[in-house]
Amino acid sequence: MTETGIYPGGTEGGAATDFDAIVIGAGFSGLGMLHHLNEIGLRSIVLDAAGGVGGTWYWNTYPGARTDSEFYYYSFSFSRKVREEWVWKERYPAQPEVLAYLEFVAERLDLYKDIRFNTRISRAEYDEAENTWTVTTEAGDTFTAKYVISGMGVLSAPSMPNIPGIDSFGGESYHTSRWPRDREVDLSGKRVGIIGLGASGVQLVPVVAETAGELFVFQRTPNYVVASSNREVDPEWMQRVRDTYDESFEKAFDHGFAVPFVKPTDGAKEVEQVERDRVFEQGWKEGGFHFMLETFNDLAVDQESNNHASDFIRRKIRETVKDPTTADLLSPKDYPFNGKRPPGGHGYYEAYNRDNVHLVDTKSHPIEEVTEKGLVVNGQLYELDVIMWATGFDAMTGTLTRVDIVGEGGVLLRDKWADGLKTNLGLSVNGFPNFFMILGPQTPYANLPVAIQAGVAWISDAIAFAQKHHIDRFESTKDAEEAWAAEVNRAGSATIMAQGAKANAWFIGANIPGKPIEFNVFMGGADVYFKRCDEVARNGYATFIPAGRVDEPWAESLHR
Ligand code: N01
């Protein structure tokens with residue numbers, strides 16, 4: 001035990017640094033990471049551009065923003081203090097509730113003292129001679145450390161479409177993830193346009209419809225929106241969740257999507273239609289990801305079974321939306337269910353039965369231009385007071401490639417990835433020693449807080465190991481990242497999600513013009529991935545220590 005903790009501090013044997021570790025981002029990832037780094041005794045700081053903790057949940061304050069996952073697995077399990085004291089209110093918590101939860105986490109785990117807000121970083125550069133990183137902020141401040149860990153988020157770099165005249169609009173214009181924080185956006189009686197119908201737009205529509213005078217929804221690709229069935233969390237339910245937290249998380253770590261669900265045993269095409277409909281109906285009532293994950297075991301891998309699920313949802317749309325033309329337009333036909341991440345609906349299809357909601361098809365006639373007064377589609381000007389851009393994110397890589405992350409030999413991370421993503425388990429990149437990513441590209445397509453919890457535990461174990469064994473440079477070997485890239489592509493190609501390009505899915509990079517089409521996430525299952533990470537750790541991180549590995553196997557603190 002040293003002065004700074006269980007393991008020697010990061011400066012031991014190397015150049016003096018301001019900190020042992022710099023964590024970028026104070027969302028779920030950054031908070032979890034800081035807590036773990038504190039546990040192993042590192043001197044750490046978290047830098048965040050925002051004015052408070054929360055990450056995604058700080059920025060996404062648009063009306064209707066809430067989780068698509070249920071509260072009991074959209075949280076951390078590692079702190080007894082937090083899980084015993086925090087009381088969830090809704091099955092699918094709304095943005096203010098998740099933000100309050102993260103503020104509570106930061107306060108209870110005493111994290112605020114090590115976080116610097118309103119600090120946007122522009123560069124992180126590795127110094128080979130000193131074996132240190134220098135992080136530079138937009139304001140010109142610099143911080144040095146042995147380790148840099150990105151917790152910058154996977155769906156945090158907003159994407160705006162390139163439509164002629166987009167800056168000429170004279171009304172109010174907001175991207176969902178850069179919504180005004182200091183005031184309510186008053187929509188009463190106003191003419192509102194929503195562009196984009198991923199999870200963000202789908203959440204906006206029913207809420208905006210209630211107050212806007214007229215709502216025009218500009219749809220390019222219809223989505224398969226699964227009903228969510230939100231409800232209040234009563235004290236008995238909360239207690240049951242507290243009593244079974246460990247079991248629940250064990251189950252989630254053993255699930256392909258990192259959720260504590262029962263794994264279905266049948267394929268949809270293996271059962272009679274009556275039984276299939278009964279199971280789908282039950283999944284639909286249970287809501288959200290239960291439909292996708294608890295009905296049949298082959299919806300993500302078998303086209304025929306997937307067709308049954310897609311048909312079932314199209315039927316639900318026809319049953320819910322009264323106008324047959326609108327129902328038809330809302331029904332996806334060109335790509336399968338799971339071809340893009342299915343959003344959870346909260347009265348989404350029902351909203352189209354309101355007289356003030358109008359669906360505009362921008363597939364057959366793309367938006368031509370934005371003018372001072374509104375949007376032009378098919379030669380018609382839609383006059384608007386407010387435009388809401390729910391147009392998504394440069395997912396998985398955007399936060400890492402929009403800043404300068406400079407590794408060995410002055411190589412920029414974005415240049416390294418220009419001709420194909422390469423990471424070792426999404427955690428580390430060759431040529432970027434002592435640089436880690438929480439939820440980096442090529443980590444699993446899964447419920448994120450559970451994946452984050454596993455990621456921050458793995459990274460803190462790895463750093464503790466490096467410290468204990470005096471390993472100066474912890475980074476992926478070249479071979480290991482080649483192998484993981486191949487594995488990510490192999491696993492993804494075997495799934496229905498390989499059709500994501502047909503639906504401009506972010507997980508395959510198809511939503512950003514010019515971005516290479518490749519799997520940005522691992523589709524082979526979070527459970528498989530977690531086991532792989534544990535195995536690597538148990539084997540002494542051989543694929544992360546190019547300069548020669550220690551022979552001592554490591555199973556000291558694999559923890560979650
Ligand atoms: O973004 P998206 P999102 N002209 O990329 C449209 C997470 N999330 O912010 O499909 C016209 O899914 C685009 O149309 P198309 C969640 O993981 C979670 O909604 O390309 N339209 C599409 O409809 C989610 O999957 C929650 O034809 C244009 C939309 O914009 C992820 O974030 C809540 C266009 C973008 O959809 C992203 O969701 C919110 C153009 N030029 C988000 N450009 C939770 O509940 C884009 N579009 C936890």
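A crossing of two helices is called left-handed if the near helix is turned anticlockwise from the far one by less than a right angle, and right-handed if clockwise. Helices here are DSSP runs of H or I with at least four residues, strands are runs of E with at least two, and both are numbered from the N terminus. The model is predicted: local features need pLDDT of at least 70, side-chain atom pairs count only at pLDDT 80 or more, and totals for chains, interfaces and linings use all residues. Residues are numbered from 1 along each chain as its sequence is written, and side-chain values use heavy atoms, with hydrogens and water left out.

**Stop 1: α1 and α15**

Select residues 28-39 (α1) and 448-468 (α15); their axes come within 9 Å and cross at roughly 35°. Axes are lines fitted to C-alpha atoms, for helices over the stretch in contact, and angles run from 0 to 180 degrees between N-to-C directions. The crossing of α1 past α15 is right-handed. Show side chains next: on α1, the residues in contact (heavy atoms within 4.5 Å) include Phe 28, Met 33 and Leu 37, and their counterparts on α15 include Ile 452, Val 456 and Ile 463. The contact of α1 with α15 is made up of 9 nonpolar residues, 4 polar and no charged. Ala, Val, Leu, Ile, Met, Phe, Trp, Tyr, Cys and Pro count as nonpolar, Asp, Glu, Lys and Arg as charged, and the others, Gly among them, as polar.

**Stop 2**

**Stop 3: Cys 533**

Within α17, pick Cys 533. Cys 533 is buried, at 5% relative accessibility. Beyond neighbours within four places in sequence, Cys 533 contacts Leu 425, Leu 427 and Trp 458.

**Stop 4: two loop residues**

Asn 378, not a glycine, has a positive phi of about 50°. Asn 378 sits in the loop between β14 (374-377) and β15 (380-383) and is partly exposed at 49%. Finish at Met 396, where phi is near 65°. Met 396 lies in the loop between β16 (386-389) and α13 (398-401) and is buried at 4%.

Notes. Buried means under 20% relative accessible area, exposed over 50%, partly exposed in between (1.4 Å probe, protein chains only).
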